[in-house]
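This report describes the strands of a protein and how they pair. Please keep the sequence and the structure in view while reading.

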Amino acid sequence: MDELTTLSFTFLALVTLTNASEEMRTKAGKDVSLDCVGNTQVPIEAIKWIKPDLKSDLYVYFYRDDVFYKDFLLPSFQNRTEMKDPMMKGGDVSLILKKVSIDDAGEYECHVSLKNTTRKRAYSDLWCVVNLTVIVQQQIITNPGDDVTLPCQGSRNISIAAVQWIRSELHDPVYLHRNEPVMEPHDQEARFVKRVKLKDRQMKDGDMSLVLMNVQASDTGTYECHCKWRVVRQQKRTLLKSEPISIVKLIVTGNTPGQIWDTGSNVFVGLAVCQLVCFLLV
């Protein structure tokens with residue numbers, strides 16, 4: 001598991017907390033810790049981990065009065081979450097999420113209630129925001145003249161504001177899509193003009209795969225798929241500064257076209273506490 005980052009908080013009063021946003025990464029299929037630590041010795045009454053983009057009344061994790069309520073969890077998180085420290089020493093309410101997948105990408109919030117003897121019900125405060133991004137690495141071998149699809153699958157639960165495919169050694173993007181369906185030629189590397197398109201222009205279910213037509217030997221290289229879920233003010237030609245969610249090594253040879261190898265141990269999850277990380281764009 002990747003190195004985990006601990007979030008520290010200063011309490012001004014029993015119910016006055018500061019919250020922070022964190023980005024994390026881990027390998028797909030592994031377990032990841034969504035870190036959230038409050039520097040308090042006050043007993044905790046309730047913990048609610050939620051995933052706002054799912055727009056559900058159910059939880060990623062729900063605990064109250066020393067009881068974990070499994071029946072209140074979202075189906076996709078059943079039997080996949082547990083507290084990092086069941087004793088919650090020092091206000092550690094970090095959550096272990098098991099066997100991370102692409103659908104786990106997105107934003108998580110942790111809300112905590114401290115036991116309060118002066119009120120009938122405790123306040124619930126937002127302690128942490130954690131963003132998770134999934135990165136998949138693959139290799140494709142194809143022949144010159146073929147059309148090839150470079151896979152990129154984002155979370156199925158979040159609307160995509162922008163998607164960008166790049167090759168790090170090139171100045172301009174291979175493809176850049178910002179809400180509007182038509183991309184201006186000057187926003188794109190010249191060699192790819194009229195040779196690339198999204199497999200699904202609507203990007204339904206988070207599919208941002210790119211079709212590269214009439215591949216040439218010069219197309220050999222490593223392609224990265226970046227995305228943004230939200231929109232912020234930014235210069236029009238600014239590249240998306242985010243962790244990639246898909247890395248595809250394309251090799252153009254005379255071998256059998258379309259062969260794909262999932263590199264297994266090279267499948268990664270990025271924790272962007274997103275801001276798919278995928279960061280924000282105008």
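Which order do the strands of the open sheet of three strands have, and in which sense do they pair? The order is E2-E7-E6, and the pairing is antiparallel. At the edges of this sheet lie strand E2 (32-34) and strand E6 (81-83), each of which pairs on one side only. From one strand to the next, the twist averages 30 degrees, where axes are lines fitted to C-alpha atoms and angles run from 0 to 180 degrees between N-to-C directions. E2 is joined to strand E7 (residues 95-97) by three bridges, and within this pair Val32 stands opposite Leu97.

**Basis of the model**

This is a predicted model, in which local features need pLDDT of at least 70 and side-chain atom pairs count only at pLDDT 80 or more, while totals for chains, interfaces and linings use all residues. Residues are numbered from 1 along each chain as its sequence is written, and side-chain values use heavy atoms, with hydrogens and water left out.

The average pLDDT (the predictor's confidence in each residue, from 0 to 100) is 77 for the protein, and 71% of the residues score at least 70. Over residues 1-18 the pLDDT is below 50, although this stretch has 42 contacts in the model beyond near neighbours in sequence, a contact being heavy atoms within 4.5 Å. Residues 231-239 also have a pLDDT below 50, with 26 contacts in the model beyond near neighbours in sequence.

**Overall composition**

The protein has zero helices and 18 strands; helices (H or I, at least four residues) and strands (E, at least two) are DSSP runs, numbered from the N terminus. Of its 282 residues, 49% count as buried, which means under 20% relative accessible area, with exposed being over 50% and partly exposed in between (1.4 Å probe, protein chains only). The protein exposes about 13,800 Å², of which carbon and sulfur atoms supply 50%.

Strands of a sheet pair through backbone hydrogen bonds, either parallel or antiparallel.

| Strand pair | Sense | Bridges |
|---|---|---|
| E3 (residues 44-50) and E8 | antiparallel | six bridges |
| E8 and E9 (residues 124-142) | antiparallel | eight bridges |
| E9 and E16 | parallel | seven bridges |
| E15 (residues 221-228) and E16 | antiparallel | five bridges |

Strand E8 (residues 106-114) is largely enclosed by the rest of the structure, because nine of its nine residues are buried. In E8, Val112 stands opposite Ile47, whereas Tyr108 stands opposite Val130 in E9.

Strand E16 (residues 246-252) is likewise largely enclosed by the rest of the structure, since five of its seven residues are buried. Val252 in E16 is the bridge partner of Thr142, and Lys249 in E16 is the bridge partner of Thr222.

**Leu250 within E16**

Where does Leu250 lie? Its place is in strand E16, and at 0% relative accessibility Leu250 counts as buried. Leaving aside neighbours within four places in sequence, the contacts of Leu250 are Ile140, Thr142, Val148, Leu212, Asp219, Thr220, Gly221 and Tyr223. Leu250 and Gln138 are 112 residues apart in sequence, yet their C-alpha atoms are 8.7 Å apart in space.

Conventions
Two strands pair if DSSP finds at least two bridges between them. Accessible areas come from the Shrake-Rupley method with a 1.4 Å probe; for residues, only the protein chains shown count as cover.
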